[in-house]
Amino acid sequence: MSNILILGAGRVGATVAEQLVYEQHNVTIVDDNPANLAPLMSRLDLRVITGSASSPQTLREAGAEDAELLLAVTPTDELNMVACKIAYQMFRVPTRIARIRNSDLLAHEALFSEEDGFAISHTITPAQVVTDYLVRLVKMPEALQVLDFANGLVQLVVARITEGAPMAGKALTQFNEVLPNVDRRVVGVYRNNHYIRPDGDTELQAGDEVFVLAEARQMRKVIAALHVVESPIKRVLLAGGGNVGFRLAKALQKDYSVKLVESDPARAEWIANQLPDSLVLLGDATSETMFESEQIDRTDLYLALTSDDEDNIMSSLLAKQMGARKVISIINRSRYVDLLQDSRIDVALSPAQLTIGTLLAFARQGDIAAVKPLRRGAAEAVELIVHGNKSVSRVIGRRVDEIRMPSHAFLAAIVRAGKVIMVHHDTVIEADDRCILFVHDKMRTREVEHLFAVKLGFF
């Protein structure tokens with residue numbers, strides 16, 4: 001159990017606070033607006049402090065002297081930076097993470113150093129996390145989720161089985177016949193929202209959500225076995241020119257035909273000057289007339305990326321009804337995301353849920369390289385690095401079938417010296433292996449991390 005101090009009770013701060021309390025950490029959250037703190041205090045077992053994140057007195061009152069991790073996620077980059085500096089210089093908080101949105105600041109790494117800068121251990125840019133995630137979805141239109149592990153060597157993809165796909169109606173043992181030279185691991189199957197732990201006899205049915213892990217370079221072949229191959233995305237329409245919309249248009253404009261709709265004239269003009277290879281339109285993304293004039297029925301992908309959940313939902317439903325091939329919507333309220341599952345919106349995603357995995361990795365037991373929430377946070381994929389030797393580790397030097405793996409967890413792959421190894425029953429775990437696991441029930445993740453962590457006393 002760690003003492004964690006969160007500065008900023010906005011969407012990201014509140015979401016990560018809820019998750020950390022759920023994982024039984026001691027959490028204190030600071031915000032200068034009591035209205036942001038009241039709902040957290042009423043439903044979560046945590047401390048709340050009203051005050052400025054840059055006030056030494058506020059940080060002392062919040063317990064900075066005993067904090068092991070500080071998350072500075074206020075809306076202001078400069079405030080987050082100053083808070084990290086104070087936390088290090090006055091209270092020696094070991095790990096300090098700051099949300100930084102300004103790309104100009106991010107370009108100067110020296111600003112974050114302990115010696116001459118603001119003593120920031122790690123930076124996080126939610127807009128870039130979301131942008132990178134969306135780029136992967138654009139490149140793989142058959143997927144519902146695409147997650148990278150081991151610096152992009154391995155991917156976990158969620159795909160829905162379609163009628164006519166090579167694996168539809170087949171047992172998993174037949175995967176080797178369909179893809180004889182491609183190793184992969186199906187780690188989860190969800191049918192009618194119920195989890196099925198896969199084994200060789202599991203038969204895949206149309207409509208199943210399949211969680212499959214493979215080398216990134218092989219993933220297109222794997223997806224083609226599960227889902228009828230769709231034509232590549234060519235024409236993309238983005239609604240909203242905020243941080244995510246601008247970054248995504250910039251990332252896509254060289255390879256795709258990109259249109260971006262922005263309702264603010266000044267912002268639209270600025271984006272048009274910054275993105276000469278994108279067509280920037282001044283207008284309302286909920287307008288049927290605008291969709292007709294921009295031929296939404298010929299659009300391969302529509303993305304609703306404004307800051308208004310209701311506008312994003314309505315425009316996505318309208319775009320789909322008028323003929324857009326695929327629609328993706330950003331939804332900030334997690335309850336809305338749950339409501340929209342199995343709706344006409346192909347992918348509804350929460351920026352806070354995407355961001356939270358990066359933050360959780362620093363609060364977990366053991367050497368955690370990545371935490372990726374799945375199924376709206378109900379499940380997780382975890383990448384961890386094992387250390388030590390057989391005498392101090394419960395897994396090193398042991399075959400996979402000798403490890404007492406919890407029933408809710410699935411060890412899918414390891415990366416050893418840059419080589420991806422799909423796990424079999426006789427695979428032996430070695431020191432410094434990167435292990436990638438799927439955990440169906442995130443309530444039990446701690447058991448898995450404890451199993452792979454070095455025994456007490458190693459250090």
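A: Let us begin with Glu68, which lies in the loop between α3 (56–61) and β4 (69–72). Helices (H or I, at least four residues) and strands (E, at least two) are DSSP runs, numbered from the N terminus. This is a predicted model, in which local features need pLDDT of at least 70 and side-chain atom pairs count only at pLDDT 80 or more, whereas totals for chains, interfaces and linings use all residues. Residues are numbered from 1 along each chain as its sequence is written, and side-chain values use heavy atoms, with hydrogens and water left out.

Q: What is the relative accessible area of Glu68, and which residues does Glu68 touch?
A: Buried means under 20% relative accessible area, exposed over 50%, and partly exposed in between (1.4 Å probe, protein chains only). Glu68 has a relative accessible area of 36%, so it is partly exposed. Contact means heavy atoms within 4.5 Å. Not counting residues up to four places away in sequence, Glu68 touches Ser2, Asn3, Val93, Pro94 and Thr95. The C-alpha atoms of Glu68 and Lys85 are separated by 15 Å, the two residues being 17 apart along the chain.

Q: How is a helix such as α1 read?
A: One may compare its reach with the expected span, which is 1.5 Å times one less than its number of residues. Helix α1 (residues 11–22) has 12 residues and reaches 17 Å from its first C-alpha to its last, close to the expected 16 Å. Among its buried residues are Val12, Ala14, Val16 and Leu20. After α1 comes Gln24, with a positive phi near 70°.

Q: In what order do the 5 strands of the open sheet stand?
A: Two strands pair if DSSP finds at least two bridges between them. Here the order is β7-β8-β11-β9-β10, with antiparallel pairing. β7 (143–149) and β10 (194–196) are at the edges and have a single partner strand each, so one side of each is left without a neighbour in the sheet. On average, neighbouring strands of this sheet are turned by 20° against each other, direction ignored.

Q: Which helices pack on the sheet?
A: Axes are lines fitted to C-alpha atoms, for helices over the stretch in contact, and angles run from 0 to 180 degrees between N-to-C directions. Helix α6 (residues 126–139) touches β7 and β8 (154–160), and its direction makes about 120° with that of β7. Helix α8 (residues 219–226) touches β8, β9 and β11, and its direction makes about 155° with that of β11.

Q: How many residues has the largest nonpolar core?
A: A nonpolar core is a set of buried Ala, Val, Leu, Ile, Met, Phe, Trp, Tyr and Cys residues joined through side-chain atoms within 4.5 Å. The largest has 77 residues, and those with the most contacts inside it include Leu134, Leu156 and Phe175. Its largest share, 7 residues, comes from α6. A second, separate core of 45 residues includes Leu20, Ala363, Val382 and Ile403.
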